[in-house]
Amino acid sequence: MEINGVCRGARIVHDGRKDYACDHCELVFGEKSKLTKHQRTVHDGRKDYVCDKCEKKFGEQSDLMRHQKLVHEGRKDFACDKCEKKFG
């Protein structure tokens, strides 16, 4: 998305613009959606994503997906190139 001829991503990445400040703590964000997600999960304590296998709750869908992959599927997709130990 362009604002005044400048891509929003460029403002955030290259100019370091973080225009959205949390009113509960000192954190600032480059995107309003990131601020909203932060406030919902950190300050409101919302955990809307529940594992259907063990009922553990998560604030973000990506955390639920990582949990399911590691805990319930036992997947470890990354291997150390020095010792071959595997990680999730």
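Modeller: One term before we start: a contact, or one residue touching another, means heavy atoms within 4.5 Å. Also keep in mind that this is a predicted model.

Biologist: Fine. What does H67 touch, leaving out residues up to four places away in sequence?

Modeller: With those neighbours left out, H67 touches C51, C54, K56, F58 and H72. H67 sits in helix α3.

Biologist: Buried or exposed, that H67?

Modeller: Buried. The cut-off for buried is under 20% relative accessible area, and H67 has 11% relative accessibility, so H67 counts as buried.

Biologist: Which other residues of α3 are buried?

Modeller: The buried residues of α3 are L64, H67, Q68 and K69. They pack against β5 and β6.

Biologist: What does K69 touch, apart from residues up to four places away?

Modeller: G74, R75, D77 and G88.

Biologist: How far does α3 reach from end to end?

Modeller: From its first C-alpha to its last, α3 reaches 16 Å with 12 residues. That is close to the 16 Å expected at 1.5 Å a residue.

Biologist: Step back a bit. What is the overall layout of the protein chain?

Modeller: Along the sequence the pattern is β-β-α-β-β-α-β-β-α-β-β. That gives 3 helices and 8 strands.

Biologist: How much of the chain is buried?

Modeller: Buried residues are 16% of the 88 residues. The accessible surface is about 7000 Å², and 48% of that belongs to carbon and sulfur atoms.

Biologist: And what share of contacts join residues at least 24 apart?

Modeller: Counting contacts between residues at least 6 apart in sequence, 0% join residues at least 24 apart.

Biologist: What does UniProt have on it?

Modeller: The UniProt entry, which is unreviewed, places "domain: C2H2-type" at residues 20-48 and 49-77. In the model, the end C-alpha atoms of residues 20-48 lie 23 Å apart, and that span is 41% helix and 14% strand. For residues 49-77 the end C-alpha atoms are 23 Å apart, with 41% helix and 14% strand.

Biologist: Let's do α2, then. Which of its residues are buried?

Modeller: L35, H38 and T41 are buried in α2. Viewed down the axis of α2, the buried residues fall within an arc of 150 degrees, so they line one face of the helix.

Biologist: What do they pack against?

Modeller: Strands β3 (20-21) and β4 (28-29). The helix itself runs over residues 32-43. Just after α2, G45 has a positive phi of about 70 degrees.

Biologist: Where is R46 found?

Modeller: In the loop between α2 and β5. R46 has a relative accessible area of 41%, so it is partly exposed. Leaving out residues up to four places away in sequence, R46 touches R40, T41 and G59.

Biologist: How far is R46 from G59?

Modeller: Their C-alpha atoms are separated by 5.9 Å, although R46 and G59 are 13 residues apart along the chain.

Biologist: New topic. Which residue other than glycine has a positive phi near 70 degrees?

Modeller: E55, with phi near 70 degrees. Most residues other than glycine have a negative phi. E55 lies in the loop between β5 and β6, and it counts as exposed because its relative accessibility is 53%.

Biologist: What about D52, where is that?

Modeller: D52 is also in the loop between β5 (49-50) and β6 (57-58). D52 is exposed, with a relative accessible area of 58%. Its C-alpha is 9.9 Å from that of L64, 12 residues apart in sequence.

How values were computed:
Residues are numbered from 1 along each chain as its sequence is written. This is a predicted model: local features need pLDDT of at least 70, side-chain atom pairs count only at pLDDT 80 or more; totals for chains, interfaces and linings use all residues. Side-chain values use heavy atoms; hydrogens and water are left out. Helices (H or I, at least four residues) and strands (E, at least two) are DSSP runs, numbered from the N terminus. Buried means under 20% relative accessible area, exposed over 50%, partly exposed in between (1.4 Å probe, protein chains only). Accessible areas come from the Shrake-Rupley method with a 1.4 Å probe; for residues, only the protein chains shown count as cover. UniProt positions are given in the numbering used here, feature names are shortened, and annotations may be inferred rather than shown by experiment. The expected span of a helix is 1.5 Å times one less than its number of residues. The arc is that of the directions from the helix axis to the C-beta atoms.
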